[in-house]
Amino acid sequence: MLRIAVLGAGRIGRIHSTNVAAHPNAKLIAIADPVAAAVDPLAEALGAEAMNDPIAAIDRDDVDAIVIGTPSDNHADLLLHAVAKGKAVMCEKPIDAGMERSQAVVDDVKAKGGKVMMAFNRRFETSFAAIRKAIEAGEIGEVRQVIISSRDPGLPPEDYVKSSGGIFRDMTIHDLDMARFMLGEEPVEVSATASRIVDEALTAKYDDYDTVMVTLKTASGKQCHINNCREAVYGYDQRVEVFGATGMLQHDNLRPTTVRRWTADITEAQEPLLNFFLQRYAQAYASELDAFITALVEGKPLPTSVEDGLKALALAEAAIESVRTGQTVRL
Ligand SMILES: NC(=O)c1ccc[n+]([C@@H]2O[C@H](COP(=O)([O-])OP(=O)(O)OC[C@H]3O[C@@H](n4cnc5c(N)ncnc54)[C@H](O)[C@@H]3O)[C@@H](O)[C@H]2O)c1
């Protein structure tokens, strides 16, 4: 039985806490969040202790592992403290908004032999995982191109935008990790373009963007295209296509049912897409947490690492530099 404390009782903290509480090999000991109104009802509903100090939660003797779901600008401090205390960690992305700090975190985790998993949940979504397996099994031959479309239904709240590190480090980072997962080879060239066409005032205030495209190329010539927008009026749009020498693999959006409707006015109508990440990736979050708990309980390697977090961040930084300079960045 792995005893876990979750840090953060916001959108992602709630899903991780609920999944820990439901897991047969884990016990949710505590949830820590400085905002009592966020943590108290959640902890009560899940039978855990509500705390306001995340450091005190990490320090508890009755806690073996920590799940970090706090705003992105304090991941590094909490992660390092947990590793120093010998606790295993599952941490939301990014490690930190800066490369230097992220590299220092990776070095520290390595030096201390820390067990840290980056929460790249999409790798654990059944169909994306199946695509990866099919690639590994050689079903489509050598991968040539990966196309990733990832659009949010709407802009996040201003407070979130403020501490997010910007769209490339916050949102595109998932797709950059997906690109690495599907390409099976590290990108060495990054080009990007970025616009403020959803909410210019908000994004300009934080030197951020809301609509971006990235292209990646590996040393052997494999290509990847990523497109992101913070607003898609038809819902949370998450699609991946992998094109190879002997075939193609695709995963489309998900809906509550697969029913298609025909009437006098419309044909091929389907229900709206699953609303946002909490619904679309509910299975992925549960499988991700299960992979974390199972690896620790069985003493096996964690499926993702801080190095994966650093590599995805390096690609995000290269995309930002490409936007700034208008040049392709070579890694
Ligand atoms: N993997 C994913 O699909 C995914 C989705 C959403 C968010 N995230 C990541 O999760 C993190 C949180 O995002 P969110 O959408 O849940 O944000 P949120 O604003 O909904 O919640 C953050 C919570 O953390 C609390 N908090 C602030 N400082 C804290 C501290 N020092 N210790 C403990 N709690 C603290 C806040 O009071 C708030 O309740 C971000 O890093 C984000 O990048 C990941």
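In this predicted model, a polar side-chain atom of E92 lies 2.9 Å from a nitrogen atom of the ligand, and a polar side-chain atom of N121 lies 3.2 Å from a ligand nitrogen atom, a polar contact being a pair of N or O atoms within 3.5 Å. An N or O atom in the side chain of Y160 is 3.4 Å from an oxygen atom of the ligand. Of the 850 Å² of accessible area that the ligand has on its own, the protein covers 84% (Shrake-Rupley method, 1.4 Å probe).

The ligand is surrounded by 25 residues, of which R11, I12, D33, S72 and Y285 are the closest, where a residue counts as near if one of its heavy atoms lies within 4 Å. This shell divides into eleven nonpolar, nine polar and five charged residues, with Asp, Glu, Lys and Arg counted as charged, Ala, Val, Leu, Ile, Met, Phe, Trp, Tyr, Cys and Pro as nonpolar, and the others, Gly among them, as polar. At least two shell residues are supplied by each of α1 (11-22) and α8 (167-183), helices being DSSP runs (H or I) of at least four residues and strands (E) of at least two. Domain 1 (2-118) and domain 2 (122-330) each contribute at least three residues to the shell, the bounds coming from an automatic or database domain assignment.

Within the loop between β5 (88-91) and α5 (99-112) is P94, which is joined to K93 by a cis peptide bond with omega of about -15°.

Residues are numbered from 1 along each chain as its sequence is written. Local features require pLDDT of at least 70 and side-chain atom pairs 80 or more, while totals for chains, interfaces and linings use all residues, and side-chain values use heavy atoms, without hydrogens and water.

Terms used: Polar contact = N/O pair within 3.5 Å; in protein donor to acceptor, adjacent residues only side chain to side chain.
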